[in-house]
Amino acid sequence: MGELTLTAVRLGLLVLLWLFVFSIVGVIRGDLYGTRIVRRGPSGRATVRPTSNVPSGVERRASHGLRSLVVVEGPLRGTSVPLRASGVLLGRNPECTLVLDDDFASGRHARVYEEGGQWFVEDLGSTNGTFIAGERLVDPVPVRDSSQLRIGTTVLELRR
């Protein structure tokens with residue numbers, strides 16, 4: 001091999017090495033900073049802007065009875081999310097209505113939804129489970145005012 005060929009191979013390997021290093025840094029950066037949990041308001045409390053494409057007439061119908069889901073224990077303590085007829089998705093994914101900052105929560109952990117004028121909680125196949133009154137959910141369970149839902153270290157309460 002000529003010296004020019006050897007230098008070209010060395011430079012090629014150096015470029016591949018740097019591409020590998022940058023890809024590793026990108027993955028680590030994504031793991032550390034990729035998911036934004038929620039915006040913090042001036043009081044330091046978490047604020048959640050629920051988005052819904054449900055017509056307002058449907059939302060008014062669903063507002064009778066339970067109205068909000070409040071975090072009473074855990075990293076997001078004090079956060080409140082209004083219950084919508086379309087349901088509330090709980091988990092770590094940014095697509096969820098309430099993004100939980102909890103190591104024991106799955107990406108799409110559980111959902112709270114209305115059916116036939118009654119609210120239900122359903123575990124979506126989470127690894128660590130969803131609990132109501134110390135019992136692990138297997139099937140959707142009806143809930144009422146002041147029911148407490150535990151996901152990892154986060155405790156949520158349904159309120160009027």
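Predicted model: local features only at pLDDT ≥ 70, side-chain atom pairs only at ≥ 80, totals over all residues.

Reader: OK, what's the strand order in the open sheet of five strands?

Author: The order is E6-E5-E7-E8-E11, and the pairing is mixed.

Reader: Which strands stand at the edges?

Author: Strand E6 (98–99) and strand E11 (141–143) do; each has a single partner strand, so one side of each has no neighbour in the sheet.

Reader: And how does E5 run relative to E6, parallel or antiparallel?

Author: E5 (residues 88–91) and E6 run parallel, joined by two bridges. Across that pair, Leu 90 faces Leu 98, and Gly 91 is opposite Val 99.

Reader: What about E5 and E7?

Author: Those two run antiparallel, with three bridges between E5 and E7 (residues 110–115). Here Leu 90 stands opposite Ala 110 of E7.

Reader: Are the faces of E5 covered or open?

Author: Both are covered: Val 88 and Leu 90 are buried on one side, and Leu 89 and Gly 91 are buried on the other.

Reader: Switching to the surface, which residues make the nonpolar patch?

Author: Among them are Leu 11, Trp 18, Phe 22, Val 25 and Leu 32, and the patch covers about 1,100 Å².

Reader: Where does Val 25 lie?

Author: Val 25 is in helix H1, residues 3–33.

Reader: Why does Val 25 count as partly exposed?

Author: Because its relative accessibility is 47%, and partly exposed falls between the buried cut-off of under 20% and the exposed one of over 50%.

Definitions and conventions:
Residues numbered from 1 in each chain as written. Heavy atoms only, no water. Pairing = 2+ DSSP bridges. Helix = DSSP H or I, 4+ residues; strand = E, 2+ residues; numbered from the N terminus. Patch = residues over 30% accessible without salt bridge, like charges linked within 9 Å, V, L, I, M, F, W, Y side chains within 5 Å. Areas by Shrake-Rupley, 256 points an atom, 1.4 Å probe, with all protein chains shown as cover. Salt bridge = Lys/Arg side-chain N within 4 Å of Asp/Glu carboxyl O. Buried < 20%, exposed > 50% of the residue type's maximum accessible area, 1.4 Å probe, protein only.
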